Amino acid sequence: MRILIIDAQGGGIGKQVVAAIKRDIPQIEITAVGTNSIATTAMLKAGADHAATGENAVVVGCRKADVVIGPIGIVIADAMLGEVTPAMAMAIGQSDAKRLLIPVNHCDNIIVGISDLSVGRLIDDVVKELEAIYRDTQK
């Protein structure tokens, strides 16, 4: 199973997701793509197996991924202070991969009806969902 984790800005959420997956499902291979080198480096230091940076890396990664994980802003053009390009958002939205989107309320994108849970709790939920997807692929 090919996992693609995408993050922007400082890569803090992506870093936490990579670390949590590697802790709970260490056999899963993770490719991390940052919209900038700081985000990429953070995810690589957290244990990502492969890493790349930029728009084309997102577009190519989405064609190859079985699961794409990241904050919800990755599917919104111009989100994350403009780091998510329209091409990135479109590639993620049109990907055949399952998308596990973390509902964080940042950068003028407010997800109405979602409890204001801690990022740690949201990441735990991502890992649980990924474990279920992984189990289904092993049958």
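Here are a few worked exercises on this predicted model.

**Exercise 1: Confidence check**

Find the mean pLDDT of the protein chain, and say which elements have the lowest and the highest mean.

*Solution.* Start with the chain: its pLDDT averages 91, and 92% of the residues score at least 70. Then go element by element. Helix α4 (residues 79–82) has the lowest mean, 87, while strand β3 (residues 50–53) has the highest, 98.

**Exercise 2: Two helices side by side**

Work out how α3 and α5 are oriented to each other, and list the residues that make the contact.

*Solution.* First, get the geometry: the axes of α3 (residues 55–64) and α5 (residues 86–94) come within 9 Å and cross at roughly 10°. Next, apply the cut-off: angles under 35 degrees count as roughly parallel. The two helices, α3 and α5, are therefore roughly parallel to each other. Now for the residues: α3 brings Glu55, Val58, Val59 and Cys62, and α5 brings Ala87, Met88, Ala91 and Ile92. Sorted by class, that contact has 7 nonpolar residues, no polar ones and 1 charged.

**Exercise 3: Around Lys22**

Locate Lys22 and list its contacts beyond four places in sequence.

*Solution.* Lys22 sits in helix α1. Leaving out the neighbours within four places, Lys22 is in contact with Ile28, Glu29, Ile30, Gly47 and Asp49. For a C-alpha distance, take Ala46: it is 24 residues from Lys22 along the chain, and the two C-alpha atoms are 8.6 Å apart.

**Exercise 4: Positive phi**

Where do Gln9 and Asp78 lie, and is each one exposed or partly exposed?

*Solution.* Recall that most residues other than glycine have a negative phi. Gln9 has a positive phi, near 45°, and lies in the loop between β1 and α1. At 33% relative accessibility, Gln9 counts as partly exposed. Asp78 also has a positive phi, near 70°, and lies in the loop between β4 and α4. With a relative accessible area of 53%, Asp78 is exposed.

Conventions
Residues numbered from 1 in each chain as written. Predicted model: local features only at pLDDT ≥ 70, side-chain atom pairs only at ≥ 80, totals over all residues. Heavy atoms only, no water. Axes fitted to C-alpha atoms, helices over the stretch in contact; angles between N-to-C directions. Helix = DSSP H or I, 4+ residues; strand = E, 2+ residues; numbered from the N terminus. Parallel < 35°, antiparallel > 145°, perpendicular 65-115°, else oblique. Contact = heavy atoms within 4.5 Å. Nonpolar A, V, L, I, M, F, W, Y, C, P; charged D, E, K, R; others polar. pLDDT = per-residue confidence, 0-100. Buried < 20%, exposed > 50% of the residue type's maximum accessible area, 1.4 Å probe, protein only.
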